[in-house]
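Have the model open while you read.

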Amino acid sequence: MDADTPKNISDVNEVDEDNNPILDGNGDQLVTLGLKSVWKNITKERAGNLLSPTDWMVVKAAEVSDYTVPADVTTYRAAVRTASNTIEASIDATNSHSAFLALHDTPLDADGNATGNAPINDWPAEL
């Protein structure tokens with residue numbers, strides 16, 4: 001693929017010139033991840049990074065009977081999971097390269113001012 005050809009939005013099973021599957025060292029077919037898979041992985045990683053600073057609170061609550069996670073933290077954590085699910089669903093719903101690229105567009109008002117986050121980056125404000 002050259003620099004002017006858009007990357008596939010879906011995963012591609014790799015085949016040789018005779019259309020036979022190209023296998024890795026374990027005998028599994030090689031798959032080149034498309035934009036959907038790549039960005040869903042990025043989304044999962046971002047969600048994990050947003051949740052990790054408060055993970056200790058959840059662990060402590062599970063281990064210490066008289067400790068509860070503060071309500072603002074549980075609300076935030078739920079919002080991160082919801083945002084991740086929404087972003088992944090938006091990614092899955094794209095069926096063309098242009099639709100995928102539109103997920104990166106920040107919504108603007110009539111004057112060109114941002115009115116929110118791009119759908120692919122619509123996370124809650126960090127604690």
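## What α1 packs against

The buried residues of α1 pack against α2 (55-63), α3 and α4 (97-102). Those buried residues are Leu 35, Lys 36, Ser 37, Thr 43, Ala 47, Leu 50 and Leu 51, where buried means under 20% relative accessible area (exposed is over 50%, partly exposed in between; 1.4 Å probe, protein chains only). Helices here are DSSP runs of H or I with at least four residues, strands are E runs of at least two, and both are numbered from the N terminus.

A quick word on the model: it is predicted, so local features need pLDDT of at least 70 and side-chain atom pairs count only at pLDDT 80 or more, while totals for chains, interfaces and linings use all residues. Residues are numbered from 1 along each chain as its sequence is written, and side-chain values use heavy atoms, leaving out hydrogens and water.

## α1 against α3

The axes of α1 (residues 35-51) and α3 (residues 71-93) come within 10 Å and cross at roughly 175 degrees. Axes are lines fitted to C-alpha atoms, for helices over the stretch in contact, with angles running from 0 to 180 degrees between N-to-C directions.

On the α1 side, the contact (heavy atoms within 4.5 Å) involves residues including Trp 39, Thr 43 and Ala 47, and on the α3 side Ser 84, Ile 87 and Ile 91 are among them.

Thr 43 lies in helix α1 and, at 2% relative accessibility, counts as buried. Beyond its neighbours within four places in sequence, Thr 43 touches Ser 84, Ile 87, Glu 88, Ile 91 and Trp 123.

Over in helix α3, Arg 77 counts as buried at 11% relative accessibility. Its side chain makes a polar contact with the side chain of Thr 54 at 2.8 Å; the term covers a pair of N or O atoms within 3.5 Å, and within protein one must be able to donate a hydrogen and the other to accept it, with residues adjacent in sequence counting only if both atoms are side-chain atoms.

Gly 34 sits in the loop between β2 (31-32) and α1, and counts as buried at 1% relative accessibility.
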